[in-house]
There are 2 protein chains.
Amino acid sequence: MEKIGFIGLGIMGKPMALNLIKAGYEVSVLASSKEAQALTDAGATIHESPKTMAEANDVIITMLPDSPQVEDIVLGANGVIEGIDAGKLYVDMSTIAPSTSKDIYQKMKDKGVEALDAPVSGGQVGAETASLSIMVGGNPVAFERALPMFKAMGKNIVLIGEPGAGQTTKACNQVIVGMTIQAVAEAFTMAKEAGVDLEKMREVLLGGFAQSRILDLHGKRIIEENFKPGFKIKLHKKDLDIALKTGESLGVSMEGTAQVASQMTKAIEQGKGEFDHSALYLMLQK
Amino acid sequence: MEKIGFIGLGIMGKPMALNLIKAGYEVSVLASSKEAQALTDAGATIHESPKTMAEANDVIITMLPDSPQVEDIVLGANGVIEGIDAGKLYVDMSTIAPSTSKDIYQKMKDKGVEALDAPVSGGQVGAETASLSIMVGGNPVAFERALPMFKAMGKNIVLIGEPGAGQTTKACNQVIVGMTIQAVAEAFTMAKEAGVDLEKMREVLLGGFAQSRILDLHGKRIIEENFKPGFKIKLHKKDLDIALKTGESLGVSMEGTAQVASQMTKAIEQGKGEFDHSALYLMLQK
């Protein structure tokens with residue numbers, strides 16, 4: 001079995017790394033991580049830097065907040081790229097800019113290292129129950145090599161295409177989810193102000209073309225005014241920024257996405273950044 | 001069985017009236033209708049005006065393009081209201097402004113006539129196969145009276161609430177559908193420009209939070225670039241105008257809806273008003 005170095009033990013990364021250990025992998029983590037103790041208790045070993053970790057392992061997986069953190073850990077001083085050798089595999093499961101993924105892919109390729117972008121969806125629950133959706137960009141052979149590891153962390157695992165294609169797909173997911181939440185929020189606010197029973201409306205609309213998982217789950221959250229995350233507005237805003245930058249670089253007009261991102265910025269400014277993204281509904285209340 | 005006068009024999013109204021005849025109802029239509037012959041061939045009788053039709057029938061159903069046509073037929077010279085008597089029932093199945101529905105409800109009420117607003121969703125196919133969703137506003141007793149007729153035309157039939165509540169729910173349906181199409185259109189355009197396989201992306205996204213009937217059906221239309229309606233952009237634009245006016249009258253901010261309506265206006269100006277609403281995708285292409 002391949003030896004894995006796992007970097008990024010946050011709400012998502014910690015249960016993902018624990019699932020790799022449960023699946024029988026030898027996992028190592030960085031000494032600097034706040035959650036290193038929890039992982040060593042479960043059997044992980046410790047490394048001092050991404051560089052030494054990359055020297056000692058076959059596969060390096062990162063699960064970090066955003067592009068700058070990934071660039072720092074991978075390309076920075078004592079970064080992964082300094083320790084990784086030809087024949088090893090680098091897998092980034094963070095949600096970052098497709099352009100950054102492609103850049104890292106090329107730099108790894110130059111060293112003879114395969115890289116995959118493999119962002120996930122499914123949230124904390126998906127991470128804990130090893131049922132994440134994993135959208136992968138990269139080489140099919142590298143994908144097959146990573147597949148047993150992905151299966152220890154997720155269920156709906158698809159090789160979408162070229163390097164960066166996983167990140168592009170994730171950005172599209174976040175665009176659709178964000179705009180669908182905004183749609184449900186506008187409709188529910190209008191209905192509430194008109195005195196319509198929201199629960200009855202939700203049920204009828206779920207039977208027609210307006211049906212969506214968002215109308216079902218986030219519609220319920222809105223009706224119950226339960227905005228405990230779930231997925232935080234501030235993180236969704238970061239993902240929409242990635243989508244908007246990607247759209248801009250491709251010359252694609254994304255007015256709807258920009259409008260939702262702007263609502264999210266206002267929500268963050270009002271101190272609602274830690275709320276579930278369904279709390280976009282609150283931005284429309286009088 | 002109650003005698004029904006049916007006004008508005010368009011793409012939707014004609015099969016709905018035929019389904020009432022099939023269910024055994026005695027149906028009459030207006031002599032002025034282009035499709036009167038098709039209905040009389042099926043057994044319908046003819047009346048010269050909405051007034052005489054209302055005098056001779058127990059229930060009047062209208063299925064017209066927009067609020068002004070409904071107001072004209074119901075409240076205009078020789079209109080339904082001049083011929084209808086206490087104890088009869090008026091059912092409007094058009095998609096019109098909730099405020100117009102409430103106004104007509106009140107005017108009918110003043111004459112001792114019950115009125116229901118009962119807009120539908122499901123399109124031409126739903127009308128032809130008697131499988132429309134019907135969202136109803138009005139009095140529960142009037143709803144029970146109309147239910148056998150609704151069952152001859154539809155399947156998912158729900159009394160939502162007070163007069164106007166059916167129209168408000170339909171407006172909400174159109175808001176959610178419009179914004180979800182825009183979401184899928186922006187995401188698919190970005191993915192296409194980035195070189196991502198749209199069919200693979202659609203399949204992965206259908207497994208997660210981005211899932212919607214729109215991503216499924218309209219996503220498929222977009223991939224196949226099949227923009228034969230379906231539901232025309234110009235009609236959806238009319239419905240979003242109703243939603244925007246309703247939102248304005250309630251003091252509800254509907255920026256996302258306004259943005260989609262503006263895209264639809266541009267599409268109509270470019271001669272795409274007769275295309276299926278999934279053709280919003282075309283507005284984003286370079």
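This is a predicted model: local features need pLDDT of at least 70, side-chain atom pairs count only at pLDDT 80 or more; totals for chains, interfaces and linings use all residues.
Two residues are in contact when heavy atoms lie within 4.5 Å. Residues are numbered from 1 along each chain as its sequence is written, chains are lettered from A in the order in which they are written, and side-chain values use heavy atoms, leaving out hydrogens and water.

**The interface**

| Feature, chain B with chain A | Value |
|---|---|
| Residues in contact | 61 of chain B with 61 of chain A |
| Buried area | about 5100 Å², 69% from carbon and sulfur atoms |
| Salt bridges | 0 |

Buried area is the accessible area (1.4 Å probe) that two parts lose on being put together, summed over both. A salt bridge would need a side-chain nitrogen of Lys or Arg within 4 Å of a carboxyl oxygen of Asp or Glu.

On the side of chain B that touches chain A, the largest share, 20 residues, comes from α9(B). Helices here are DSSP runs (H or I, at least four residues), numbered from the N terminus.

**A closer look at A:Thr169**

In chain A, helix α9 (residues 165-193) holds A:Thr169. Is A:Thr169 buried or exposed? A:Thr169 counts as buried because its relative accessibility is 0%; buried means under 20% relative accessible area and exposed over 50%, with partly exposed in between (1.4 Å probe, protein chains only). Beyond its neighbours within four places in sequence, A:Thr169 is in contact with A:Met135 and A:Ile160, and also with B:Val196, B:Met201 and B:Leu205.

Note on methods:
Helices (H or I, at least four residues) and strands (E, at least two) are DSSP runs, numbered from the N terminus.
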